Number of protein chains: 2
Amino acid sequence: MVNIRDVARYCGVSAMTVSRALNNSNQISQATKEKILKACEELGYRPNFAARSLVTKKTNMVGLIIPDITNQYYSHVSKGVSSYLSLQGYGLLLCNSDRRKDDEIRYLNFLAEGRVDGIIILPVQPRKEDYEGIAKEIPLVMADNYAEGLDVSFVGNDNYHGASEIISHMIKQGFKRIGVILGHSSSSASNERFKAYKDVLKKNNIELDNEIVLNSNATFEDGFNLTKVLIEKGVDSIFAINDTVALGVVKYCYLNNIRIPEDIGVAGYDNIEQSSMLPVPLTTVDQNGNQLGKVAAETLLNLLADESTVPKKIILKPKLVIRKSLGENI
Amino acid sequence: MVNIRDVARYCGVSAMTVSRALNNSNQISQATKEKILKACEELGYRPNFAARSLVTKKTNMVGLIIPDITNQYYSHVSKGVSSYLSLQGYGLLLCNSDRRKDDEIRYLNFLAEGRVDGIIILPVQPRKEDYEGIAKEIPLVMADNYAEGLDVSFVGNDNYHGASEIISHMIKQGFKRIGVILGHSSSSASNERFKAYKDVLKKNNIELDNEIVLNSNATFEDGFNLTKVLIEKGVDSIFAINDTVALGVVKYCYLNNIRIPEDIGVAGYDNIEQSSMLPVPLTTVDQNGNQLGKVAAETLLNLLADESTVPKKIILKPKLVIRKSLGENI
DNA sequence: CTGAAAGCGCTAACAT
DNA sequence: ATGTTAGCGCTTTCAG
């Protein structure tokens with residue numbers, strides 16, 4: 001392995017001069033700089049990452065902890081993060097928590113060993129205690145799902161707004177007994193959407209029936225399985241916590257010859273690519289995952305540039321996408 | 001920041017003893033080990049990654065270069081890699097090349113700075129020259145898409161087999177003028193599938209018409225746009241290089257009231273989750289992305305454990321998934 | 001079982 | 001504009 005001293009010797013200069021050439025210092029003449037850069041090429045020299053970051057205390061890496069990379073929404077968030085980081089010369093250390101708390105914590109500690117300059121986390125079932133320790137050690141930005149009472153920057157979506165819009169639309173379309181498949185009870189996204197559901201129902205004088213409000217792990221399988229339960233309880237429509245769950249609902253209906261929207265209305269959330277291509281295209285709420293990822297990365301990099309920045313909350317507005325799964329638009 | 005010497009001082013031992021305690025050495029008494037581990041907890045000590053890897057020349061990191069993380073197949077490959085690595089105590093440095101050659105090369109050099117112990121790459125338009133240099137510097141496993149003539153391990157899918165199966169099925173279903181939307185002309189996957197297409201046509205005495213064989217960037221948009229072209233050329237069916245492209249085909253048909261499979265047959269490749277939930281479920285070929293990712297990661301880690309291992313090619317067999325987009329099964 | 005010395009490859013700070 | 005010195009935090013090697 002060729003190191004900086006080999007290059008220095010080869011060029012008849014000191015290691016320091018080579019270092020300056022490589023770091024675009026202006027304390028070096030153009031001539032020597034060019035000579036050195038050429039020598040680096042010839043010798044196949046590459047600066048050693050570990051040595052460099054040991055002294056600079058910088059890694060130019062960001063850690064991203066995400067619940068499930070195969071979920072389309074999260075994959076877009078990841079891409080948004082990745083693209084922005086790449087543009088700024090940063091690398092991405094991806095941690096797929098697989099929606100498991102213990103893996104999430106394991107990754108948090110793994111990252112905190114100085115592997116990255118900062119962390120973006122989309123937490124599962126967030127609890128304040130899990131992050132306040134880490135957040136003191138390393139710059140942290142929370143995204144998508146919020147841990148109440150934690151003093152860190154957060155980038156999220158306006159879940160209350162998005163859910164209000166779609167539930168209002170459902171009622172306008174004539175649905176009265178709206179079943180809900182929520183996520184986990186500790187998910188802030190799920191809770192905020194549920195709150196909107198309750199508020200909109202009340203505003204429309206529809207009584208809340210907790211029998212038709214179900215929690216789930218927000219998977220396709222749960223969507224499929226819980227649809228049976230809800231239909232047995234006589235719902236006329238289902239609001240799913242995301243499109244993947246809605247796809248499960250649709251599949252159940254499809255296999256059981258239940259027509260959408262004639263027999264049952266279906267609403268999703270996320271506007272994943274395929275939701276527009278179902279037998280009956282899905283009415284849903286569009287959250288721009290790519291944008292969320294980009295803004296989260298931007299927020300973290302700003303924090304890295306100036307650690308005294310005060311934590312801020314950025315809430316992105318999602319938008320209602322009306323298709324046919326709740327009937328024709330009036 | 002608390003370092004190993006702080007812990008040593010606190011415990012009244014040498015730094016070396018602390019190091020031994022942390023690395024599960026057996027050259028240390030149980031008592032001191034426990035005392036030290038407890039002290040680490042109390043002081044909030046974390047071993048420094050850069051310092052450690054500077055001396056051990058190990059990062060316990062693997063780099064993954066992938067064309068597009070938002071593509072469902074690639075996201076499953078990523079998850080397969082991630083899960084296996086995590087199990088083995090490795091971290092994942094994810095590089096989304098965005099199907100751009102220049103970004104891919106940039107990432108390759110970025111990773112080769114000693115950021116990772118090895119690299120898994122799913123190359124775009126692979127050319128031997130791009131990888132042979134890097135492969136000498138750092139263990140490399142190629143996956144999904146192969147660069148001919150390169151002496152590195154490869155994990156891929158049997159594209160010839162998969163495409164043969166589905167084209168044969170198309171012909172059996174009565175289609176005679178089968179349009180094709182390929183990927184890029186330098187993609188080995190695309191080339192192998194095209195070869196199967198030609199061979200199966202010949203075997204069935206159907207003349208090849210290059211007019212209805214189109215290259216593309218393998219995107220949803222390309223699928224949508226090229227369908228118009230193919231239909232104008234009078235195809236009775238379309239074989240798309242992947243399900244995402246097929247979804248584009250389906251969308252075009254859907255918007256133009258072209259019935260599947262009555263007016264046109266559609267075949268995909270990849271078996272993405274949503275392909276079973278289209279208006280007419282898609283007949284496709286299932287490649288287990290998760291498995292491919294796992295095997296690629298396994299291959300790389302074996303190589304890291306013993307660098308003298310000879311490169312090997314592992315080819316996974318995909319399987320035909322018959323649904324309704326090519327008509328009812330006979 | 002424990003410790004002392006040396007050094008991994010680089011850059012910050014201070015010379016010149 | 002260039003060089004010297006020192007040291008980042010850890011582990012390897014060798015000694016005891």
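## Basis of the model

Residues are numbered from 1 along each chain as its sequence is written, chains are lettered from A, and ligands are numbered from 1, in the order in which they are written. Because the model is predicted, local features need pLDDT of at least 70 and side-chain atom pairs count only at pLDDT 80 or more, while totals for chains, interfaces and linings use all residues; side-chain values use heavy atoms, with hydrogens and water left out.

## Domains of chain A

Chain A is assigned domain 1 (4–56), domain 2 (61–157 + 289–318) and domain 3 (159–287); such bounds come from an automatic or database domain assignment. The C-alpha centres of domain 2 and domain 3 of chain A are 28 Å apart. Between them, 13 residues of domain 2 of chain A are in contact with 19 residues of domain 3 of chain A, where contact means heavy atoms within 4.5 Å.

## Ile260(A)

Ile260(A) sits in the loop between helix H11 (243–255) and strand S9 (265–267) of chain A. Helices (H or I, at least four residues) and strands (E, at least two) are DSSP runs, numbered from the N terminus. With a relative accessibility of 12%, Ile260(A) counts as buried; buried means under 20% relative accessible area, exposed over 50%, and partly exposed in between (1.4 Å probe, protein chains only).

Apart from neighbours within four places in sequence, Ile260(A) is in contact with Val250(A), Cys253(A), Val266(A), Val280(A) and Ser325(A). Val250(A) is 10 residues away along the chain, and its C-alpha atom is 8.0 Å from that of Ile260(A).

## Helix H2 of chain B

In helix H2 (residues 15–22) of chain B, the buried residues are Thr17(B), Val18(B) and Ala21(B). They lie on the same side of H2(B), because they cover an arc of only 100° around the axis; the arc is that of the directions from the helix axis to the C-beta atoms. An α-helix has 3.6 residues a turn, so residues three or four places apart point the same way.

Helix H1 (4–11) and helix H3 (30–43) of chain B are among what covers the buried residues of H2(B). After H2(B) comes Asn24(B), with a positive phi near 55°.

## DNA strand C

There are 29 residues around DNA strand C, and Ile4(A), Ser19(A), Tyr45(A), Thr17(B) and Arg20(B) come nearest. A residue is near a strand if one of its heavy atoms lies within 4 Å of it. By class, this surface has 13 nonpolar, 11 polar and five charged residues. Here Ala, Val, Leu, Ile, Met, Phe, Trp, Tyr, Cys and Pro count as nonpolar, Asp, Glu, Lys and Arg as charged, and the others, Gly among them, as polar. H4(A) gives the most to the surface near DNA strand C, with five residues.

A polar side-chain atom of Lys57(B) lies 3.3 Å from a sugar or linking oxygen of DNA strand C.

## DNA strand D

DNA strand D is surrounded by 29 residues, the closest being Thr17(A), Ile4(B), Met16(B), Ser19(B) and Tyr45(B). Of the atoms of DNA strand D that come within 4 Å of the protein, 61% belong to sugar and phosphate. H4(B) supplies the largest share of the surface near DNA strand D, five residues.

A polar backbone atom of Ile4(B) is 2.3 Å from a phosphate oxygen of DNA strand D. A polar backbone atom of Ala51(B) is 3.5 Å from a base nitrogen of DNA strand D.

Notes
A polar contact is a pair of N or O atoms within 3.5 Å; within protein, one must be able to donate a hydrogen and the other to accept it, and residues adjacent in sequence count only if both atoms are side-chain atoms.
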